[in-house]
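Dear colleague,

Please read them with the model open beside you.

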Amino acid sequence: MDAIHAGITIGVTELRESPTRILKRAEDENQAVAILNHNKPAGYIVSPRMMEAMLDSIAENIAINRAKERLSSLSKARKVKLDEL
């Protein structure tokens, strides 16, 4: 069974009948909407606000991982003066 990562689920037919209403619901409730096809997730609709938050979270995780990698190589670093850059 496929996991559904949304608080709201609708069928493909319901999406086809009223896409604007589904988009508005995702925005109003600030939740992801899972689109099901034969009771399996076929896609998700998220509000622009939620998409921005997800992308910010991903970018933050990437920055944290890069910082951790760089910290592990700190012993190999050498001091430079600002004028040398």
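To begin with a term that the notes rely on, buried means under 20% relative accessible area, exposed means over 50%, and partly exposed lies in between, with a 1.4 Å probe and protein chains only. This is a predicted model, in which local features need pLDDT of at least 70 and side-chain atom pairs count only at pLDDT 80 or more, whereas totals for chains, interfaces and linings use all residues. Residues are numbered from 1 along each chain as its sequence is written, and side-chain values use heavy atoms, with hydrogens and water left out.

The protein chain has three helices and three strands, where helices (H or I, at least four residues) and strands (E, at least two) are DSSP runs numbered from the N terminus. From the N terminus on, these elements follow the order β-α-α-β-β-α. The radius of gyration, taken over C-alpha atoms, is compared here with a globule rule of 2.2 Å times the number of residues to the power 0.38. For the protein chain the radius is 21 Å, well over the 12 Å that the rule gives for 85 residues, so the chain is more spread out than a compact globule. The C-alpha trace spans about 65 × 30 × 15 Å along its principal axes, and 14% of the 85 residues count as buried.

The strands form an open sheet in the order E1-E2-E3, with mixed pairing; two strands are taken to pair if DSSP finds at least two bridges between them. Strand E1 (8-11) and strand E3 (40-45) stand at the edges with a single partner strand each, so one side of each has no neighbour in the sheet. E1 and strand E2 (residues 33-37) pair in the parallel sense over four bridges, and Leu-36 in E2 is the bridge partner of Gly-11.

Glu-14 lies in helix H1 (residues 12-17) and, at 27% relative accessibility, counts as partly exposed. Not counting residues up to four places away in sequence, Glu-14 touches Arg-21 and Ile-22, where contact means heavy atoms within 4.5 Å. The C-alpha atoms of Glu-14 and Ile-35, which are 21 residues apart along the chain, are separated by 9.0 Å.

Ser-47 is found in the loop between E3 and helix H3 (48-72), and its relative accessibility of 2% makes it count as buried. Leaving aside neighbours within four places in sequence, Ser-47 is in contact with Ala-26, Glu-27 and Asn-30. The side chains of Ser-47 and Asn-30 are joined by a polar contact of 3.4 Å, a term that stands for a pair of N or O atoms within 3.5 Å; within protein, one must be able to donate a hydrogen and the other to accept it, and residues adjacent in sequence count only if both atoms are side-chain atoms. The side chain of Ser-47 also reaches the backbone nitrogen of Met-50, at 3.1 Å.
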